Amino acid sequence: GRLSRADDVFFLTLSELRSGAGAPAAEIKRRRRRFERAGASPVPREVDLDAPHATSTRAGGALTGIAVSAGVGVGRARVLRAGEAPAIAAGEILVAPVLDAAYGPLLASAAGAVAEIGGLLSHGAVVARELGVPCVVDVHGATQRIRSGDIVRVDGGAGLVSVLDPEAHAADRAARALVASPLQLFHPPENHRLARESVYFNVQDPRSGLALVASAGVRRGVRGESLVALSRRTDEVLFAVDLAPARGLPEALGVGPLHVDLDPLRLRFDGRLAAHRGAFPPGPLPTLLTPRDVEVAIDLRFESTSAAIDFCQGLPDDVRLALSALGAHHIEQSGTWKGTVTIDGRALPVAGTGSRDHTWGRREWSAADWWRLFTMRLGDDVVVHALVVSARGRVVEGGFLWRDRRAERILRVQFAPRREGDVLRGLDLELTTESGEAVRIHGEVERSFTVPVDPDRRLHRHLSGRPWRLRLDENFTRYEGLGRRGHGMAEITRR
């Protein structure tokens, strides 16, 4: 009862503690104020009385420091000073004198971090790198020059911290607008004959030579459909289509032996596939009647290396209307696939690359004249998804470039194929981003197979050897661009 606050004990002398008499309340308050004044004093990064005054500002107004965790983060600043309760909202930029252990849990939800003191091996720097949070330390005067609520951009690769002006913030806001919220549930089916929701995956493991395409969809009445195409050899495709009631909704989607979990994303298959050798696909009847005698088990997990981007987000109303027959939303994402594929009892470890998409809305295949979709992961930090599609005569180009943890819209896609007869062997792309940058990418096709999508019901098409109204040429491609190499897909339609 002699102390008004529990931590007043730290402002008593040793003799006052031993005597138990304490100190007058006014004296304790005076000692506390002196302590707080000393704690608020800026700590010099270097002590050199003969050196000129150091500055951490470069031309353009950016603050400079030590880059300790790569990436770019943008958000509102939350400046925390000594003695304040550590708290931060998700997506904010943490600004503090030092990133000690107390701030470690906050980094998990921060878009970036800035500290006045620190180095490559300081506690906060190590935690930021482990979490993948952009971080710059040794930024002199950061807590005085940045205010809570400022829009701050942290470039953890270049060691730059910028307080954004409204125009620059608008550009960053446009980039963030492309990012879709993670989907954890499938949507309730719309009561319309064209309503459909589907997920699609492609997997390429250059080490084992495995190539995989899979999809699952659901229509009104909970009617499900799934497709799996798997290849380890250039002359063979293991294939199956299943039509069955969808199960597991809304958290997952299962159709026949194929099962997809959304959160976390996992692809499983346990059943039989039909082995097709030579030209594929044959006509619809041979495709469906070929015996499914190859036992296959698939268990793969997806780890994203880019944000999920909705191709339809932010498009002009007239463009969205033109694409509405192909779905109201089309979310794409690249990443890595890890797990096991077992074929006739032989287990193959998979550590590959690929992408996934999630589409829903009313979909009419006949509305798509053609499309060219290019997806690739160039290293661990750059992803490109570019699309050219013609829907009922309207050509639309778009996509996104994911770089420095930030998405930029692609406005123009130019595609130059290199073919041998009817077979795509390579390609060159020139992509123009919203900022005007021209990105040139070269691709060499390593493996291809064609996936049948829409059978034709007209007899003359079957008699002429063209029994499918829509086929997808899935070209697993080795890409090179932006100073990096990687793998991905070139998906090209044929009618």
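This briefing covers the strands, cores, confidence and salt bridges of one structure.

The model is predicted: local features need pLDDT of at least 70, side-chain atom pairs count only at pLDDT 80 or more, and totals for chains, interfaces and linings use all residues. Residues are numbered from 1 along each chain as its sequence is written, and side-chain values use heavy atoms, with hydrogens and water left out.

**Confidence**

- The mean pLDDT of the chain is 87, and 89% of its residues reach 70 or more. pLDDT is the predictor's confidence in each residue, from 0 to 100.
- Over residues 51-55 the pLDDT is below 50. Beyond near neighbours in sequence, this stretch has 3 contacts in the model. A contact means heavy atoms within 4.5 Å.

**Strands and sheet**

- An open sheet is formed by 8 strands, in the order 1-8-7-3-4-5-6-2, with mixed pairing. Strands (E, at least two residues) are DSSP runs, numbered from the N terminus. Two strands pair if DSSP finds at least two bridges between them.
- Strand 1 (63-64) and strand 2 (66-69) stand at the edges. Each has a single partner strand, so one side of each is left without a neighbour in the sheet.
- Strand 5 (residues 112-117) pairs with strand 6 (residues 135-137) in the parallel sense, over 2 bridges. Ala-113 stands opposite Cys-135 in strand 6.
- Strand 23 (residues 406-420) and strand 24 (residues 423-433) pair in the antiparallel sense, over 10 bridges. Ile-410 has Thr-433 in strand 24 as its bridge partner.
- The hairpin of strand 23 and strand 24 has 2 residues between the strands. Gly-421 takes a positive phi there, near 65 degrees.

**Nonpolar cores**

- The largest nonpolar core has 34 residues. Leu-212 and Leu-230 have the most contacts inside it. Such a core is a set of buried Ala, Val, Leu, Ile, Met, Phe, Trp, Tyr and Cys residues joined through side-chain atoms within 4.5 Å.
- A second, separate core of 24 residues includes Leu-323, Ala-367, Ala-391 and Trp-402.
- Not counting residues up to four places away in sequence, Leu-230 touches residues including Leu-210, Leu-273, Val-296, Val-341 and Ile-343.

**Arg-346**

- Arg-346 lies in strand 19 (residues 346-362). At 55% relative accessibility, Arg-346 counts as exposed. Buried means under 20% relative accessible area, exposed over 50%, and partly exposed in between (1.4 Å probe, protein chains only).
- Leaving aside neighbours within four places in sequence, Arg-346 is in contact with Arg-232 and Val-341.
- Arg-346 and Val-296 are 50 residues apart along the chain, and their C-alpha atoms are separated by 9.2 Å.

**Salt bridges**

- The whole structure holds 30 salt bridges. A salt bridge is a side-chain nitrogen of Lys or Arg within 4 Å of a carboxyl oxygen of Asp or Glu.
- Asp-299 forms one with Arg-266, the closest N and O atoms being 2.8 Å apart. This pair links distant parts of the chain: Asp-299 is in strand 16 (residues 294-304) and Arg-266 in strand 15 (residues 266-277), 33 residues apart. Asp-299 is partly exposed, at 30%.
- Glu-446 and Arg-478 meet in another salt bridge, at 2.8 Å, N to O. Glu-446 sits in strand 25 (residues 438-455) and Arg-478 in strand 26 (residues 468-481), 32 residues apart. Glu-446 is partly exposed at 36%, and Arg-478 is partly exposed at 39%.
- Glu-480 and Arg-485 join at 3.6 Å, N to O. Glu-480 counts as partly exposed at 40%, whereas Arg-485 counts as exposed at 63%.
- Salt bridges that share partners join Arg-5, Asp-7, Asp-8 and Arg-32 into one network.

Technical notes:
Helices (H or I, at least four residues) and strands (E, at least two) are DSSP runs, numbered from the N terminus.
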